[in-house]
Amino acid sequence: PTPRIELADKIEHLKKELNAVILAHYYQEPEIQDVADFIGDSLQLAQKAKGTDADVIVFCGVHFMAETAKILNPDKKVLLPDLQAGCSLADSCPADKFKEFIEQHPGHVVVSYINTTAAVKALSDIICTSSNAEKIIRSIPEDQPIIFAPDRHLGSYLIRKTGRDMVLWPGTCMVHTLFSERKIRQLKIRYPDAEVLAHPECEERVLQLADYIGSTAKLLARVKESPAQRFIVATEPGIIHQMQILAPEKTYIRAPTEGAACEACSECPHMRLNTLEKVYQCMLNGYPEIQMEEELRVRALRPIERMLELS
Ligand code: 13P
Ligand code: SF4
C-alpha cells in the first residue's frame, strides 16, 4: 500500500477507537473528503453535528464551522486539524465593531451568515447559510428593517431576490471575489453548451453570467439534474471532486480568476490548511481542540437554533 492509503487506514482505525465522526466541507482536499463519514455544505454540516452520537467530531473545514459544531455539542470533543484555518468573511467582522454597527441601526433584526465568529453570532438574532438565507429573510415580517452581515455580495443577491432593503456589512470572501467576469465570458463563447454554476458570494457581475446560483450542496445537486454536459464552476474547486463522483460522464471547468492563468488560485487558502496528515495527527493527539466559554456558547446557540428550527 502507498503511504496515503496507510494514512487513511490509520485514520479509519482511530475513528473506531475514539468513536469519532469525520465531517468535511466540500472545499476540502479530495483525499480528506474520501476519509469523511459525511460531506456537506455549511447547513448540512451543522445539522449533522447536532445529530451525531459520536464522542469526538473531527471537523474538516474552517474555524467557524468547527465552532458551530462545538456550540451545538458542548460535551463533545471537537477537533479542527489546523486551528489557523479561518475565513476572510469571519475576519472582516470583528465583534466589537459589529456591536457598534448594530447600535447605529436601532430596531433592526440582525441576520448573520454562519461565516462569523461565535462572538458575532451572540450579537445576532438569527443565523443563515447560503442554502437557507432567502427563506430566513422571507420569514422576517415585511415592515421589519434588517441588518445582514458580513457578506455584502450574498446580501446584495438577497436584496435582488427578495426585494427587501437590508443594511449590509461590507465583508467579502477572498476566494469568490477573484473570479473573472471577462474570462468567464470568453469561456462561454468557447463552450456555448456549458452551464455556469456560481456561489452567491461571487460579485454581481459574475452572478449575472450564471445559469444557476446556489450553496455548495445545491450546485452539486444541479450537476445531476441539469441536462448540460459541461459546467463552468464559479466556487472553490474542491467541490468538483464530488461532482465527478456524482456525474462522472460530465465535464467540469474551474471558473478562471483575474490575472495570470492559475489552477490553484480559486482554492481557499484557509480550507486548504487542513491536510490528511493533520487529520491523522489531530486524532492521534486529541489536539487542536475547539474550546469555548459556556456563557458565550449559550448566547451564540440561540440564533443558530432559530435557524435550525426554520430549516
Ligand atoms: P456553503 O454553505 O455553500 O457550503 O458555503 C460555505 C462557504 O464557506 C462558502 O465560501
Ligand atoms: Fe471563507 Fe471564502 Fe474560504 Fe468560504 S471560501 S471559508 S467564505 S474565505
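Me: How many of the residues of helix 4 (residues 63-72) are buried?
Reply: A residue is taken as buried if 20 or more other C-beta atoms lie within 10 Å of its own, as exposed if 12 or fewer do, and as partly exposed in between, with the C-beta atoms placed from the backbone. Helix 4 is mostly covered, since 10 of its 10 residues are buried, and among them are His63, Glu67 and Lys70 as well as Phe64, Ile71 and Leu72. Helices (H or I, at least four residues) and strands (E, at least two) are DSSP runs, numbered from the N terminus.

Me: What is the pLDDT of the protein on average?
Reply: The pLDDT, which runs from 0 to 100, is the predictor's confidence in each residue; the protein averages 97, and 99% of the residues score at least 70. The model also scores ipTM 0.98 and pTM 0.97. This is a predicted model, in which local features need pLDDT of at least 70 and side-chain atom pairs count only at pLDDT 80 or more, while totals for chains, interfaces and linings use all residues. Residues are numbered from 1 along each chain as its sequence is written, and chains are lettered from A and ligands numbered from 1 in the order in which they are written.

Me: Which cysteines does the UniProt annotation "binding site" cover?
Reply: UniProt positions are given here in the numbering of this model, feature names are shortened, and annotations may be inferred rather than shown by experiment. In the unreviewed UniProt entry, a "binding site" annotation covers Cys87, Cys173 and Cys268. These residues are spread over 182 residues of sequence, yet they cluster in space, with a largest C-alpha distance of 9.4 Å.

Me: Where does Cys173 lie, and is Cys268 buried or exposed?
Reply: Cys173 is placed in the loop between strand 8 (166-168) and helix 10 (181-190), and Cys268 in the loop between strand 12 (251-254) and helix 14 (276-285). Cys173 counts as buried because 23 other C-beta atoms lie within 10 Å, and Cys268 is likewise buried because it has 22. Contacts, which require C-beta atoms, placed from the backbone, to lie within 7 Å, complete the picture. Not counting residues up to four places away in sequence, Cys173 touches Ser88, Leu89, Asp151 and Glu201, while Cys268 is in contact with Tyr27, Val175 and Glu236 under that exclusion of neighbours within four places.

Me: Which residues touch Tyr113, and which are in contact with Asn115?
Reply: Both residues are included in a further "binding site" annotation from the unreviewed UniProt entry. Tyr113 belongs to strand 5, and it is buried, with 28 other C-beta atoms within 10 Å; beyond its neighbours up to four places away in sequence, it touches Leu89, Cys128, Ala149, Pro150, Asp151 and Leu154. Asn115 sits in the loop between strand 5 and helix 7 (118-122), and with 28 C-beta neighbours inside 10 Å it counts as buried. Leaving aside residues within four places in sequence, Asn115 is in contact with Phe64, Cys87, Leu89, Ala90 and Asp151.

Me: Which residues of helix 12 (residues 216-225) are buried, and why do they lie on the same side?
Reply: An α-helix has 3.6 residues a turn, so residues three or four places apart point the same way. The buried residues of helix 12 are Thr216, Ala217, Leu219, Leu220 and Val223. They lie on the same side of helix 12 because they cover an arc of only 165° around the axis, the arc being that of the directions from the helix axis to the C-beta atoms. These buried residues pack against strand 2 (38-40), helix 3 (42-51), strand 9 (195-198), strand 11 (230-234) and helix 13 (240-246).

Methods: Contact = placed C-beta atoms within 7 Å.
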